[in-house]
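Here's a quick briefing to read alongside the model. Keep the 3D view open and click on things as they come up.

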Amino acid sequence: MMALVGAVLAWEDANGLRTGDCAQTALLLTGNARIVAEVSWHVEALPADSELRPVAEQVLQEAECRLSVTSQTTLAHAQQRARLVRALYRALDQFDKARPGPSS
């Protein structure tokens, strides 16, 4: 998925893309952005004083706002969805890094 995100963000214009490519790509990215539920679960499990909580809550608010917009067929919309997916995966990576390792 991150390879797709990188490719979409590298597109400078829609020239050379077939009709429907932007729409299909935005749809795929929107579906993947549904990992919001997983991020939300992690946020709820954080202690109130966690340094990750404010950042994660901001990402969730932005995701909720962006996902409430009807999907469009433009390159700009596909790139907006790609940035959202990238932000969500970065939030998940932060949770993984903060999680204690297995006890020996």
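Let's start with helix 4 (residues 52-67) and helix 5 (residues 75-98), which pack at an angle of about 155° with their axes 10 Å apart. An axis here is a line fitted to C-alpha atoms, for helices over the stretch in contact, and angles run from 0 to 180 degrees between N-to-C directions. Keep in mind that this is a predicted model: local features need pLDDT of at least 70, side-chain atom pairs count only at pLDDT 80 or more, and totals for chains, interfaces and linings use all residues. Residues are numbered from 1 along each chain as its sequence is written, and side-chain values use heavy atoms, with hydrogens and water left out.

**Helix 4 against helix 5**

- With that angle, helix 4 and helix 5 are roughly antiparallel to each other (angles under 35 degrees count as roughly parallel, over 145 as roughly antiparallel, 65 to 115 as roughly perpendicular and the rest as oblique).
- Helix 4 makes a left-handed crossing with helix 5; that means the near helix is turned anticlockwise from the far one by less than a right angle, while clockwise would be right-handed.
- On the helix 4 side, the contact uses L52, A56, V59, A63, R66 and L67, and contact means heavy atoms within 4.5 Å.
- On the helix 5 side you'll find Q80, R81, R83, L84, A87, L88, A91, Q94, F95 and A98.
- Sort the residues of this contact by class and you get 11 nonpolar, two polar and three charged (Ala, Val, Leu, Ile, Met, Phe, Trp, Tyr, Cys and Pro count as nonpolar, Asp, Glu, Lys and Arg as charged, and the others, Gly among them, as polar).

- L67 sits in helix 4, and its relative accessible area of 16% makes L67 buried (buried is under 20%, exposed over 50%, partly exposed in between, with a 1.4 Å probe and protein chains only).
- Skipping neighbours within four places in sequence, L67 is in contact with T30, A33, R34, V36, R81 and L84.
- L67 and P47 are 20 residues apart in sequence, and their C-alpha atoms are 27 Å apart in space.
- Q72 belongs to the loop between helix 4 and helix 5, and counts as partly exposed at 38% relative accessibility.
- Apart from neighbours within four places in sequence, Q72 is in contact with A23, A26 and H77.
- Q72 and L52 are also 20 residues apart along the chain, with 32 Å between their C-alpha atoms.

**Helix 1 and its partners**

- Helix 1 packs on helix 5 at an angle of about 140°, with the axes 9 Å apart, which makes helix 1 oblique to helix 5.
- The crossing of helix 1 and helix 5 is left-handed.
- Here M2, V5, V8 and L9 in helix 1 meet A78, Q79, A82, R83, V85, R86 and Y89 in helix 5.
- That contact of helix 1 with helix 5 has eight nonpolar, one polar and two charged residues.
- Helix 1 and helix 2 pack at an angle of about 140° too, with their axes 11 Å apart, so helix 1 is oblique to helix 2.
- Helix 1 passes helix 2 in a left-handed crossing, with L4, V5 and V8 of helix 1 touching T25, L28 and L29 of helix 2.
- The residues of that contact of helix 1 with helix 2 are five nonpolar, one polar and no charged.

**The nonpolar core**

- In soluble globular proteins, nonpolar side chains tend to be buried together.
- The largest nonpolar core in this model has 24 residues, and V39, L88 and F95 have the most contacts inside it (a nonpolar core is a set of buried Ala, Val, Leu, Ile, Met, Phe, Trp, Tyr and Cys residues joined through side-chain atoms within 4.5 Å).
- Two or more residues come from each of helix 1 (2-10), helix 2 (21-32), helix 3 (36-45), helix 4 and helix 5.
- Which helix gives the most to this core? Helix 5 does, with eight residues.
- Not counting residues up to four places away in sequence, L88 touches A33, I35, V36, V39, V59 and A63.

**The whole chain**

- The chain has five helices and zero strands (helices are DSSP runs of H or I with at least four residues, strands are runs of E with at least two, and both are numbered from the N terminus).
- Of its 104 residues, 36% count as buried.
- The C-alpha trace spans about 55 × 30 × 20 Å along its principal axes.
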